[in-house]
Amino acid sequence: MRIGILGAGQLARMLALAGSSLGHTFVFYDQIPKPSAAGLGTYIQGSFTDKNLLEKFASLCDVVTYEFENVPISTVKFLKTKLPVHPDVFALEQTQDRFLEKSLFKSLSIPTAHFEAVDSDDDLKRALQKVGYPAVLKARRMGYDGKGQCVIRSQTDAEGALARVGLVPCILEQFVSFTREVSIIAARARNGSLQFYPLNENVHVNGILDVTRVRKNDPLFEDAKELISKLLEHFKYVGVLTLELFDVNGKLVANEYAPRVHNSGHWTIDGSYTSQFENHIRAISTMPLKDVHLKDYAAMVNCVGWLPKRDDIIKIPGAYLHLYGKEIRPGRKVGHVNLYAKEFRKIEEMIAKVKQLKTI
């Protein structure tokens with residue numbers, strides 16, 4: 001099957017690497033020169049609003065998917081008139097607007113922080129009276145890895161907060177004091193069959209994912225599975241979906257969802273019987289989903305603005321380095337290291353060894 005991917009970054013690269021072994025070929029569409037995935041298939045560079053190029057792209061594909069959630073809705077709707085697009089545009093629309101996303105959680109009885117729409121300084125004052133301090137002001141659209149938001153802890157912080165976020169429509173959310181951040185990744189095939197990956201425990205630094213740990217039999221797995229199932233059923237979803245959550249003293253509170261493969265699931269390449277990337281390709285291409293059980297304990301260390309030497313990683317049993325073919329720049333995700341071992345204690349030692357390589 002000829003699979004088209006909107007976006008040609010590292011997620012598209014890993015999708016193509018997984019899908020090529022299944023006999024699929026890939027066509028990538030993106031706006032940037034020399035992207036991470038370009039060498040793994042046909043690459044079309046152009047604007048997401050160029051209908052002539054999009055028409056050409058569609059003619060080369062049997063099905064289309066996307067690697068990031070900020071692809072223009074108009075692009076997806078245009079392509080949908082030509083061929084199947086998965087996940088569906090409805091799932092994309094909801095997650096592109098944080099107010100719509102939070103409202104969806106509320107309508108599906110998925111617990112989430114109290115929130116209010118904010119379009120002006122007066123709105124912000126009224127919202128703070130309802131939400132209270134501390135709170136987080138977030139742009140309704142765009143923004144990722146901690147961008148487009150600020151924490152408001154006092155009336156002083158509130159002054160000029162809207163300007164700091166960018167004078168755009170926002171939402172104000174109650175600040176969630178969490179025990180840990182977690183995410184659950186699930187795959188749903190066109191026939192409705194499901195697979196749920198083990199719960200990921202995530203640690204962020206400066207708003208960017210730093211480390212993901214995966215334990216066996218996490219006590220909140222079943223609760224997380226129930227919550228993401230509501231989204232999968234609501235959308236009649238096809239592909240991989242990720243739900244990010246806060247663990248608040250043993251109770252889950254939804255933060256956001258991503259209608260795509262996810263950074264917190266990179267460990268699945270080496271630590272699961274079937275990676276998130278392979279199951280996404282299987283779902284959108286009508287192939288049956290495969291087993292997602294954890295082989296042993298697993299973890300992932302993100303390489304953000306740095307890369308360890310391959311020879312150093314090879315010396316660590318159970319460690320696997322994945323490169324994205326990108327130039328190293330501060331704050332840029334350029335690779336990751338997957339780790340797995342039979343004991344969770346060993347995983348912690350391995351994480352420490354990998355992180356030590358950053359300072360050498």
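Trainee: What does I3 touch, leaving out residues up to four places away in sequence?
Mentor: This is a predicted model. In it, I3 touches H24, T25, F26 and V27, along with V63, T65, I281 and I284.

Trainee: Which residues have the most contacts inside the largest nonpolar core?
Mentor: Those are I3, I5, F26, F28 and F277, in a core of 27 residues. The elements that give two or more residues to this core are β1 (2–6), α1 (10–20), β2 (25–30), β9 (180–188) and α11 (276–284).

Trainee: And which element gives the largest share?
Mentor: α1, with 6 residues. There is also a second, separate core of 24 residues, which includes I184, L232, F235 and A254.

Trainee: Moving to helix α2, which residues are buried there?
Mentor: In α2, residues 51–59, the buried ones are L54, F57 and A58. They sit on the same side of α2 because they cover an arc of only 95° around the axis. In general, an α-helix has 3.6 residues a turn, so residues three or four places apart point the same way.

Trainee: What covers the buried residues of α2?
Mentor: The cover includes the strands β1, β2, β3 (42–45) and β4 (63–66), and the helix α3 (73–80).

Trainee: New topic. What is the volume of the second largest pocket?
Mentor: About 270 Å³.

Trainee: What lines the second largest pocket?
Mentor: Its lining consists of F196, Y197, P198, L199, R215, K216, N217, D218, F221, V292, H293 and L294. By class, that lining has 7 nonpolar, 2 polar and 3 charged residues.

Terms used. Residues numbered from 1 in each chain as written. Predicted model: local features only at pLDDT ≥ 70, side-chain atom pairs only at ≥ 80, totals over all residues. Heavy atoms only, no water. Core = buried A, V, L, I, M, F, W, Y, C linked by side-chain atoms within 4.5 Å. Buried < 20%, exposed > 50% of the residue type's maximum accessible area, 1.4 Å probe, protein only. Helix = DSSP H or I, 4+ residues; strand = E, 2+ residues; numbered from the N terminus. Contact = heavy atoms within 4.5 Å. 1 Å grid on protein atoms, 1.4 Å probe; cavity = no way out; pocket = protein on both sides within 12 Å on 5 of 7 lines; lining within 4 Å. Points joined across faces, edges and corners; volume = space filled by probe spheres on them. Nonpolar A, V, L, I, M, F, W, Y, C, P; charged D, E, K, R; others polar. Arc of directions from axis to C-beta.
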